[in-house]
Amino acid sequence: MEDSTLYKIISAVFMGLMILYLWPRVKRSMENSPKGERKDWQTLALLLLGIAVFVFVLVQII
Amino acid sequence: MYNNPSVVTRPRESALESNQVLRNTYALLSMTLLFSALTAAVSTYLQMGPWTYLLSIIGAMVLAIFVLPRTAHSSAGLLVVFAITGLFGFALGPLLGKYLALANGAKIISTAFGGTGVIFLALSAYVLTTRKDFSFIGGFLMVGLITVFILALANIFLGLPMLSLAISGAAILIFSGFILYDTSQIIHGGETNYLYATVNLYMDIFNVFVHLLQILGIMSSDD
């Protein structure tokens, strides 16, 4: 077996195991997370938009 | 009512405890970032092979998932945290070596490093000054994270550069969200163990750095 194929297979198995490990936590988080208000989500959206703009600026600089 | 000491002191004790966790977390985070920079430098200098990345990440995750929970309440936990972050740093060697071989590689790495610092400091400062509770984004972030994992798993075999770019962009936003969430958890008493808090914030920073490096690398290439 080629080295790169083996690398891909081990990466995929690792990713698959991480997904299996995270799955119950995702379900628990979905059920137990407190609900945010519209204003809270707007704040989050603005902050993440700021990050996206900042990354765009970095790409332009480079 | 106002003479009841438990009413007055309990929130104050809780606030003091949160401040203590925050101070310990930032002190340990600074040390682990320096330590992982050292292991990254060693790994780059030794020109470690491409397997280094995958094996170091697997080793770090095994320690974080199976060993840290057993040692998080003892002094051995401190060693485990350094082992985890040292392995994450060591994993970066082949990646940094690849970028350093490019004509503008040093600029890409320094921009990704500076950009990650700005993102972390800005988001942390926002949470610490506003003291806003971001616990409501926990479920949203976990769904985003697992979606990124599934897409990354598919792209191991598809190898699409545009999907890779989209995954990195989404990962930066998700781990930026985790910086808000994890910092908020510390100051609102949701995370009282500074070893866990350090590993969480370290992983957020590590992932923002790696994916920013990826985006800058793809966007600056002529291919």
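## Nonpolar core

In this predicted model, the largest nonpolar core holds 64 residues. The members that touch the most other members are B:I84, B:I172, B:I174, B:V199, B:F209, B:L212 and B:L213. Several helices build this core, each supplying at least two residues: from chain A, α2 (38–61), and from chain B, α1 (5–45), α2 (51–71), α3 (76–100), α4 (105–130), α5 (138–158), α6 (161–187) and α7 (194–220). Of these contributions, the largest share is that of α7(B), with 16 residues.

B:I174 may be considered individually. When its neighbours within four places in sequence are set aside, B:I174 is in contact with B:L141, B:G144, B:L145 and B:V148.

## Interface between chains A and B

The contact between the two chains draws 33 residues from chain A and 37 residues from chain B. On the side of chain B that touches chain A, two or more residues are given by each of α2, α4, α5, α6 and α7 of chain B. Here α5(B) provides the largest share, 12 residues.

By class, this side of chain B comprises 28 nonpolar residues, eight polar residues and one charged residue.

## Confidence of the prediction

For the complex, the predictor reports an ipTM of 0.93 and a pTM of 0.92. The average pLDDT of chain B is 92, and 93% of the residues score at least 70. Where pLDDT is low, predicted coordinates should not be read in detail.

Notes: Residues are numbered from 1 along each chain as its sequence is written. Chains are lettered from A and ligands numbered from 1 in the order in which they are written. This is a predicted model: local features need pLDDT of at least 70, side-chain atom pairs count only at pLDDT 80 or more; totals for chains, interfaces and linings use all residues. A nonpolar core is a set of buried Ala, Val, Leu, Ile, Met, Phe, Trp, Tyr and Cys residues joined through C-beta atoms within 7 Å. A residue is buried if 20 or more other C-beta atoms lie within 10 Å of its own, exposed if 12 or fewer, and partly exposed in between; C-beta atoms are placed from the backbone. Helices (H or I, at least four residues) and strands (E, at least two) are DSSP runs, numbered from the N terminus. Two residues are in contact if their C-beta atoms, placed from the backbone, lie within 7 Å. pLDDT is the predictor's confidence in each residue, from 0 to 100. Ala, Val, Leu, Ile, Met, Phe, Trp, Tyr, Cys and Pro count as nonpolar, Asp, Glu, Lys and Arg as charged, and the others, Gly among them, as polar.
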